[in-house]
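Reader: Could you show me how to read burial, aromatic pairs and sheet packing in a model?

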Amino acid sequence: MNYKTLLYIGSFLFLTLGFQQKHTLPDGFVYVKSVIPDLDVELRYFSQNNFVGDTIDGYKANRLILTKETAEKLKLVQNELQSQNLCLKVYDGYRPQPAVNHFIRWAKDLNDTINKQQFYPEVNKRNLFKAGYIASRSGHSRGSTIDLTITDGETGEPLDMGSPYDFFGESSWVAHDDLTEQQKKNRQLLQTVMLKHNFRNYPKEWWHFTLRWEPFPKTYFDFDVE
């Protein structure tokens, strides 16, 4: 039984038990598992495996939330990749404003560098705002931005993209040249399939995409992920 099958079975049981719509979302938003039941979701901010090193405010469950239009387009991406025995793995989607505020507080505490070596070894923490890694608002809070990668359909292992997710540095730039040919190929595959389905990339983060013509281009939401 391969990884795709296990994901599908687990998601089917989750939906069958009736947990999926436990909470009411604002109009226009969906729990993405209701649209893509076999999607692999690992919300890094609902864990300690992130640059802060702790669960982030506003993340109360590993439940991916996006605007309905974004989820439907993402399903097309997943379908196309699965035809190549590949899958999507999502690290973040809708991000509440309290999470952004948590990042800001963390960035101002220059003594808290517990995960520096893993996520920002070459960046001085005092420069995170200036360099654009931390901001007072995030496009994720509009509900149509997503962080993701591609995984092997048999093993569930992420393809080698040349840098880890959420790594602050030039090696995460899409056009970074100091990569192996396979890493470049993997990045290009992600860029190509996402662009095909109307997602635009942020050039300094290979994992970061926003739906073109997003439904809430000027609205920043603050409801929790739960």
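Reader: Why does Y133 count as partly exposed?

Author: Burial is read from relative accessible area, where under 20% means buried, over 50% exposed and anything in between partly exposed, with a 1.4 Å probe and protein chains only. Y133 counts as partly exposed because its relative accessibility is 22%, whereas F168 is buried, with a relative accessible area of 4%. This is a predicted model, in which local features need pLDDT of at least 70 and side-chain atom pairs count only at pLDDT 80 or more, while totals for chains, interfaces and linings use all residues. Residues are numbered from 1 along each chain as its sequence is written, and side-chain values use heavy atoms, leaving out hydrogens and water.

Reader: How many aromatic pairs does the count come to?

Author: A pair of aromatic rings is described by the distance of the centres and the angle of the planes. Here rings of Phe, Tyr and Trp (for Trp, its six-membered ring) pair if their centres lie within 6.5 Å, and planes under 30 degrees apart count as stacked, over 60 as edge-to-face and the rest as tilted. By this rule the count comes to 19 aromatic pairs. Y133 and F168 form a stacked pair, with 4.8 Å centre to centre and 15° between the planes. The two lie 35 residues apart, Y133 in the loop between α4 (116-119) and β5 (145-152), F168 in the loop between β5 and α5 (181-196); helices (H or I, at least four residues) and strands (E, at least two) are DSSP runs, numbered from the N terminus.

Y165 and W207 form an edge-to-face pair, at 5.3 Å centre to centre and 80° between the planes. They link distant parts of the chain, 42 residues apart, with W207 in the loop between β6 (199-201) and β7 (208-211). Y165 is buried at 4% relative accessible area, and W207 is buried at 1%.

Reader: Which residue lies over the face of W106?

Author: A charge sits over a ring if NZ of Lys or CZ of Arg is within 6 Å of the ring centre and within 35 degrees of the ring normal. K125 lies over the face of W106, at 3.9 Å from the ring centre, and the charged end of R137 sits over the ring of Y220, 4.5 Å from its centre.

Reader: What order do the strands of the open sheet have?

Author: Strands of a sheet pair through backbone hydrogen bonds, either parallel or antiparallel. Two strands are taken to pair if DSSP finds at least two bridges between them. The open sheet has five strands in the order β2-β4-β5-β7-β6, with mixed pairing. β2 (40-41) and β6 stand at the edges with a single partner strand each, so one side of each is left without a neighbour in the sheet. Strand β4 (residues 86-92) runs antiparallel to β5, joined by six bridges, and L88 stands opposite I150 in β5. β5 also pairs with β7 in the antiparallel sense, over three bridges, where D147 stands opposite H208. Seven of the eight residues of β5 are buried, so this strand is largely enclosed by the rest of the structure.

Reader: Which elements do the buried residues of α5 pack against?

Author: Contact means heavy atoms within 4.5 Å. The buried residues of α5, including Q183, L190 and M194, pack against α2 (68-82), β5, β6 and β7.
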